[in-house]
Amino acid sequence: MPELPEVESYRRYFEATALHQTVREVEVLDSKVVKVDPDYLRQQLVGQRFTGTDRIGKYLFVHLSSGRVLLLHFGMTGELAHYAPTAELPRFTRVRFGLANGYHLAFVDPRKFGRIELGDSVPQFQAAKGLSADALKLPLDNFKAALAKRMAPIKSVLLDQAVAAGVGNWIADEMLFQARVHPLRRAAHLTQAETAGLHQVMLHILELAVAHEAYYRDFPPYFLLHSRGWTDAPIAPCPGCAGEVAKTEVGGRATYFCPRCQPTAP
DNA sequence: CTGAGTGTTCTTCG
DNA sequence: ACGAAGAACACTCA
């Protein structure tokens, strides 16, 4: 779930439910997802107010009244759950923030690949993680420059958060499909037009996904996404040619593409 | 029971 | 030093 559009949804959810709240308690149910000492996290958070949010790619940042920054990364299966004082702790909650109004905000993550960290500023985190500008704000020239020096398959390069922060596995596939680029092409070998095309569809896909709050079923029918078998409908044929979509593995990740619409370059 | 999964990070090798 | 490739991480659900 959590690629850029989902994390943007989580950011808005956080703003709608927890912004301006003061933290009353912090319960770490699984210290695996907390990069700092749980006692330190508690000491740094309790009594502080959430004053604002930021997002770069898949990273959500929460500003604290102390001036410090809380980082939330959702891994493969993370999400936020805001729930009433009387409600039960959601299943797979790893960290629970008790808010001054009695409500709770849960960091839920079955697979425990998510991480919570504490730092001094967003730029500091951005540098430490080696993140490019957020994919939605990434200038074409930066994107071109990043691809030009990489000989790895374009699919793998697109997943590198130093190239276009926020692009994840289905978005990379979607970009390659809509720009008609084969996932195994070497990044540096793409033409200027292909690179520009990828950048353009990246913005299109991300803006549309954010607008639909990453609710896949609402995406237009020409999206390859519908061929992944995620929705309850059966695996759809290629939206471009109605042929069968291929599934392979690139860089260890499941990769869907259409062999007819995305031919290998000569 | 086996396998696949939306991500990052570390290690190894060149 | 850096890029590429692969493994590891941890756990659920189909």
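Helix α2 is followed by Gly 47, whose phi is positive, near 95°. Helices here are DSSP runs of H or I with at least four residues, strands are runs of E with at least two, and both are numbered from the N terminus. The model is predicted, so local features need pLDDT of at least 70 and side-chain atom pairs count only at pLDDT 80 or more, while totals for chains, interfaces and linings use all residues. Residues are numbered from 1 along each chain as its sequence is written, chains are lettered from A and ligands numbered from 1 in the order in which they are written, and side-chain values use heavy atoms, without hydrogens and water.

Helix α2 spans residues 38–45. Its buried residues are Leu 41, Gln 44 and Leu 45; buried means under 20% relative accessible area, exposed over 50%, and partly exposed in between (1.4 Å probe, protein chains only). Viewed down the axis of α2, these residues fall within an arc of 90°, so they line one face of the helix. The arc is taken from the directions from the helix axis to the C-beta atoms. The buried residues pack against β1 (23–28), β3 (59–64), β4 (69–73), β6 (93–99) and β8 (115–119), with contact meaning heavy atoms within 4.5 Å. At the start of α2, a side-chain oxygen of Asp 37 comes to within 3.1 Å of the backbone nitrogen of Asp 39.

Aromatic rings form a second theme. Rings of Phe, Tyr and Trp (its six-membered ring) pair if their centres lie within 6.5 Å; planes under 30 degrees apart are stacked, over 60 edge-to-face, and the rest tilted. The count comes to 10 aromatic pairs. Tyr 216 and Phe 219 make an edge-to-face pair, 5.7 Å centre to centre with 90° between the planes. Phe 219 and Phe 223 have ring centres 5.4 Å apart and planes at 65°, so this pair is edge-to-face. Phe 219 counts as buried at 4% relative accessibility, and Phe 223 at 0%. One aromatic cluster holds Trp 170, Tyr 216, Phe 219, Tyr 222 and Phe 223.

The residues around DNA strand C include Lys 32, Arg 91, Arg 111, Arg 150 and Met 151; a residue is near the strand if one of its heavy atoms lies within 4 Å of it. A polar side-chain atom of Arg 111 lies 2.7 Å from a base nitrogen of DNA strand C.

Methods: Polar contact = N/O pair within 3.5 Å; in protein donor to acceptor, adjacent residues only side chain to side chain.
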